[in-house]
Amino acid sequence: QQPRWRAVPDDALAWREWDGDFVVFNERTGNTHLLGEFAGEVLRHLVATEDGTAAATLAAGLAADPCAVDHASWSRAVAEVLSDFARLGLAQPDKS
């Protein structure tokens with residue numbers, strides 16, 4: 001079973017979107033991050049899921065047309081973003 005991922009609490013993040021790029025300030029770490037459109041959408045969806053979500057579920061939710069998506073590569077791309085988020089302190093897998 002895939003781990004469920006959770007973003008840091010929404011109240012710890014301040015963000016703005018400009019022309020497809022996202023600037024995110026994490027109040028817990030004091031760091032500001034520039035995210036591209038794809039990573040920004042991953043974070044937006046992750047923050048919106050209070051109970052966390054698996055990478056594959058998140059990937060399916062991000063696909064505009066799920067039938068036209070190569071699910072394996074799409075899921076890998078989401079998993080890479082989630083790994084980056086863990087390194088940056090923006091999200092963590094739920095260990096419970």
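## Report on a predicted 96-residue model

Of the 96 residues in the protein, 32% are buried. The model is a predicted one. Its secondary structure comes to 3 helices and 6 strands. Along the sequence these elements follow the pattern β-β-β-β-α-β-α-α-β. The accessible surface is about 5,900 Å². Carbon and sulfur atoms hold 50% of that surface. Among contacts with a separation of 6 or more, 52% join residues 24 or more positions apart.

**The sheet**

Three strands form an open sheet in the order β5-β1-β6, and the pairing is antiparallel. The edge strands are β5 and β6, each of which pairs on one side only. In general, the strands of a sheet pair through backbone hydrogen bonds, parallel or antiparallel.

Strand β1 covers residues 4-7. One of its faces is covered and carries Trp5 and Ala7. On one side, 2 bridges join β1 to β5. Trp5 has Thr53 of β5 as its bridge partner. A further 3 bridges join β1 to β6, which spans residues 91-93. Here Ala7 has Ala91 as its bridge partner. Arg6 stands opposite Gln92, also in β6.

**Thr53 in strand β5**

Strand β5 is made of residues 53-54, and Thr53 belongs to it. Is Thr53 buried or exposed? Thr53 has a relative accessible area of 6%, which is under the 20% cut-off, so it counts as buried. Which residues does Thr53 touch, leaving aside neighbours within four places in sequence? They are Pro3, Arg4, Trp5, Leu46 and Leu58. Trp5 in this list is also the bridge partner of Thr53. Leu46 in this list is one of the buried residues of helix α1.

**Helix α1**

Helix α1 runs over residues 37-48. Its 12 residues should span 16 Å at 1.5 Å a residue, and its end C-alpha atoms are 16 Å apart, so the two values agree. The buried residues of α1 are Ala39, Gly40, Val42, Leu43 and Leu46. These residues cover an arc of only 160 degrees around the axis, so they sit on the same side of α1. The face turned away from the buried side carries the exposed residues Glu37 and Ala48.

His45 is also found in α1. Its relative accessible area is 28%, so His45 counts as partly exposed. Beyond neighbours within four places in sequence, His45 is in contact with Leu58, Gly61 and Leu62. His45 and Gly61 are 16 residues apart along the chain, and their C-alpha atoms are separated by 8.1 Å. Leu58 is in contact with His45, and Leu58 is in contact with Thr53 too.

**The aromatic pair**

The structure holds 1 aromatic pair. Trp15 and Phe22 form it, with ring centres 6.0 Å apart and planes at 45 degrees, so the pair is tilted. The tilted class lies between the limits of 30 degrees for stacked and 60 for edge-to-face. Trp15 is partly exposed, at 21% relative accessibility. Phe22 is buried, at 2% relative accessibility.

**The loop between β2 and β3**

Asp19 lies in the loop between β2 (13-18) and β3 (21-26). Its phi is near 50 degrees, a positive value in a residue other than glycine. Most residues other than glycine have a negative phi. Asp19 is exposed, with a relative accessible area of 82%.

**Accessibility of the residues discussed**

| Residue | Relative accessible area | Class |
|---|---|---|
| Phe22 | 2% | buried |
| Thr53 | 6% | buried |
| Trp15 | 21% | partly exposed |
| His45 | 28% | partly exposed |
| Asp19 | 82% | exposed |

**Putting it together**

Thr53 links several parts of this account. Leu46 is on the buried list of α1. Strand β1 is joined to both β5 and β6.

Conventions: Residues are numbered from 1 along each chain as its sequence is written. This is a predicted model: local features need pLDDT of at least 70, side-chain atom pairs count only at pLDDT 80 or more; totals for chains, interfaces and linings use all residues. Side-chain values use heavy atoms; hydrogens and water are left out. Helices (H or I, at least four residues) and strands (E, at least two) are DSSP runs, numbered from the N terminus. Buried means under 20% relative accessible area, exposed over 50%, partly exposed in between (1.4 Å probe, protein chains only). Contact means heavy atoms within 4.5 Å. Accessible areas come from the Shrake-Rupley method with a 1.4 Å probe; for residues, only the protein chains shown count as cover. Rings of Phe, Tyr and Trp (its six-membered ring) pair if their centres lie within 6.5 Å; planes under 30 degrees apart count as stacked, over 60 as edge-to-face and the rest as tilted. The expected span of a helix is 1.5 Å times one less than its number of residues. The arc is that of the directions from the helix axis to the C-beta atoms. Two strands pair if DSSP finds at least two bridges between them.
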